[in-house]
Every structure is written in structure tokens, then in C-alpha cells.
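Please look through the structure shown here and follow a few of its residues and elements, one after another.

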Amino acid sequence: MAETRLIKKYPNRRLYDTAISSYVTLEDVKGLVLDGVDFQVTDAKTGADLTRTILLQIISEEEEGGEPIFSSELLAQIIRAYGGNMQSLLTSYLEKSMELWADQQRALRERARTFMDASNPMTVLSQITEQNLSMWQQAMDSFRTEQADGSRGGDDGDDAGEGGRPPGGSSRGGSGKR
């Protein structure tokens, strides 16, 4: 496994990539993210980890230009979740949802490669749909299990909702979701 790439942020707000011994821009750091490079940004003076701050800055710039991912309402809901007893639940849910989304994108790209060779395109689409539903159900089952385990160790047990499911969750794994 490759070492984590170290980028130092200096007081003049410049970023220095120690792997290539050169100053880099936020666009360069975004390129590292897109290429799947493991990196860490630290304050050159204090050594404090600034990776999340830099990633949030990249997201902010992406949101300003083009088509944003986060609506104002979604951002307001995220802000409301900070400090609440459901904050860790939301974090876990969002991480698992993004992992599932990435897995579905990879599977879709794989299927698209074979799609042109398929004798019956509807069969391929049906298989993709069934596979995506299965992956979603597995992710939700895993999520529910984690939350049920977490609620058993909590103070009042209310964090995971009734029956170990997240609030609004169903026993069928995604039915009724929009």
C-alpha cells in the first residue's frame, strides 16, 4: 500500500506537496481526490490536521460553480444535525449511502461495457435493477445492525429508533423511500 501523501499548508495559505516538492493549488488537491490518492494536509507550523478543511473548501468551490449537489434545504438539515443525538447516525448513514452509490456506479460502468454485446438489453437492465436493489438492501441491513448494536451500548437506547431501525426505516430495506 502506498504511503499517505503529505501536503503542508503554510501561513501564506499556500499548499506544499512534499511528495513532488512543489506548491500545489486546490485544483491539484482535487485531482488527488479524483485519482484516489491517499493524502493528508497539515498546518506547517502546528502540525494540525487540515484535511477536512481543505476538502470542505474544494466542495464549497465546486458548489459555487456549475450544478450544485447540495440544495439549501439539505445544507440546512445537515446544519441542524450538528450536536444532536443523531449526528453519528447521520454520518454513518451518509458514508454508507455514498459507498453504495460508488459501488452502483462501478457496477453500472461494468454492465455498460457488456451492454452492447447483450442479445437482450431488457434482460441486462433487469439484472442491473435486481443487483442494485440487492446491494441497497444489504447496505440497509448492515446499517440497521450497526445502529441496533450501537443503541444497546447507549445511555437511553433511543438513538437507533424503534426496533433498532433508524427513524422512518422499514423492515423491507428501502421500500417507500424516495
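The model is a predicted one, and the values given for each residue are computed from its atoms. Is Lys-30 buried or exposed? Its relative accessible area is 19%, and because buried means under 20%, Lys-30 counts as buried. Leaving aside residues up to four places away in sequence, Lys-30 touches Ile-58 and Glu-62. Glu-62 stands 32 residues from Lys-30 in sequence, while the C-alpha atoms of these two residues are 10.0 Å apart in space.

**Two helices in contact**

Helix H1, which covers residues 26-34, packs with helix H2, residues 51-64, at an angle of about 100°, and the axes of the two helices are 10 Å apart. How are H1 and H2 oriented to each other? Angles of 65 to 115 degrees count as roughly perpendicular, and H1 and H2 are therefore described as roughly perpendicular to each other. On the side of H1, the contact is made by Leu-26, Val-29, Lys-30 and Val-33, and on the side of H2 by Ile-54, Leu-55, Gln-57, Ile-58, Glu-61 and Glu-62. Sorted by kind, the residues of this contact comprise 6 nonpolar, 1 polar and 3 charged.

**A cluster of tyrosine rings**

Another part of the chain can be followed through its aromatic rings. A pair of aromatic rings is described by the distance of the centres and the angle of the planes. A search of the whole structure finds 4 aromatic pairs, and among them is the pair of Tyr-10 and Tyr-16, whose ring centres are 6.4 Å apart and whose planes meet at 80°, so that the pair is edge-to-face. Tyr-10 also forms an edge-to-face pair with Tyr-23, with 6.5 Å from centre to centre and 65° between the planes. This second pair links distant parts of the chain, since Tyr-10 lies in the loop between strand S1 (5-9) and strand S2 (15-17), whereas Tyr-23 lies in strand S3 (residues 22-24), 13 residues apart. Through such ring pairs Tyr-10, Tyr-16 and Tyr-23 are linked into a cluster. The table lists how accessible these tyrosines are.

| Residue | Relative accessible area | Class |
|---|---|---|
| Tyr-10 | 29% | partly exposed |
| Tyr-16 | 23% | partly exposed |
| Tyr-23 | 38% | partly exposed |

Which residue lies over the face of Tyr-23? It is Arg-14, at 3.8 Å from the centre of the ring.

**Two loop residues with positive phi**

Arg-13 is found in the loop between S1 and S2, and its phi is near 75°, a positive value in a residue other than glycine. With a relative accessible area of 68%, Arg-13 is exposed. Ser-21, which lies in the loop between S2 and S3, likewise has a positive phi although it is not glycine, with a value near 50°.

**The chain as a whole**

How many helices and strands does the protein chain have? There are 5 helices and 4 strands, and from the N terminus on the elements run β-β-β-α-β-α-α-α-α. Of the 178 residues in the protein chain, 21% are buried. Among contacts between residues at least 6 apart in sequence, 48% join residues at least 24 apart.

Conventions
Residues numbered from 1 in each chain as written. Predicted model: local features only at pLDDT ≥ 70, side-chain atom pairs only at ≥ 80, totals over all residues. Heavy atoms only, no water. Phe/Tyr/Trp six-rings, centres within 6.5 Å; stacked < 30°, edge-to-face > 60°. Buried < 20%, exposed > 50% of the residue type's maximum accessible area, 1.4 Å probe, protein only. Lys NZ or Arg CZ within 6 Å of the ring centre and 35° of its normal. Axes fitted to C-alpha atoms, helices over the stretch in contact; angles between N-to-C directions. Parallel < 35°, antiparallel > 145°, perpendicular 65-115°, else oblique. Contact = heavy atoms within 4.5 Å. Nonpolar A, V, L, I, M, F, W, Y, C, P; charged D, E, K, R; others polar.
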